Amino acid sequence: MEKPKITFDTPAFTYDELESQLDAYEKNPEGYKHDEPSIISIRQGIRAGRAGSVAVGGCLLHHDKLISENMSKANSPYHRLDLHAEMVLLNELEDRLCDDKKPGMRNYTLFTSQEPCPMCLARICFSQVGKTYYVYRDAHSPEAGELTNYERMPEGFKILGSRLVVEEADCSPVLKEIARQVWLNSIDHAVDEWLERY
Ligand SMILES: [Zn+2]
């Protein structure tokens, strides 16, 4: 059978250039309330990309206070394809909350540099993490489409998630474009690695 083909835009900048753009960006928390966690998530995304995974990162807040940040570990050091950034962060949190029967998940906020995939959205619904914000969503990329991934979840998940917020982050469009470019630097190579495993 023929190997499936998915084409993505060619990135216009390297990780080094994108990191410089991030350093040069002056955050504007009054204008965009999610600039700060968005920048942290993108930096983690660059880390993930440099390590060989899809360049997505994220962070977790508890009552608006940063409690952790991490990155996708799905392709590297070896293929653990469940370890998207969201999963890594929620794994850590659930381990930390292991003795807590009523952890008040509504008080946690998850940030990611890219729109969560359906696997991570299912986990978000199961875990009941109160709010999830993603820096960038590319409605034109082949894996996206008109509807958000969250809008396309099966009905049962929508019921589970009916009290949750899952939306694009309120951050500068400058950061959204940097997040997109970061991701584009990693996606071709990662997809090819998955398909080569067939
Ligand atoms: Zn995912």
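Select arginine 50 to begin: at 42% relative accessibility, it counts as partly exposed (buried is under 20% relative accessible area, exposed over 50%, partly exposed in between, with a 1.4 Å probe and protein chains only). Keep in mind that this is a predicted model, where local features need pLDDT of at least 70 and side-chain atom pairs count only at pLDDT 80 or more, while totals for chains, interfaces and linings use all residues. Residues are numbered from 1 along each chain as its sequence is written, and side-chain values use heavy atoms, with hydrogens and water left out.

Arginine 50 sits in helix 2 (residues 35–51) and aspartate 16 in helix 1, so the pair ties together parts 34 residues apart in sequence (helices are DSSP runs of H or I, at least four residues, numbered from the N terminus).

Next, pick glutamate 19, partly exposed at 26%. This one also forms a salt bridge with arginine 50, at 3.2 Å, linking helix 1 to helix 2 across 31 residues.

Hop over to aspartate 9 and arginine 180: their salt bridge has its closest N and O atoms 3.0 Å apart. Aspartate 9 lies in the segment before helix 1 (15–24) and arginine 180 in helix 6 (residues 173–196), so parts 171 residues apart in sequence are tied together. Buried or exposed, which is arginine 180? Buried, at 13%.

Last stop: select Lys3, Asp192 and Glu196, linked in a salt-bridge network.

Definitions and conventions: Salt bridge = Lys/Arg side-chain N within 4 Å of Asp/Glu carboxyl O. Helix = DSSP H or I, 4+ residues; strand = E, 2+ residues; numbered from the N terminus.
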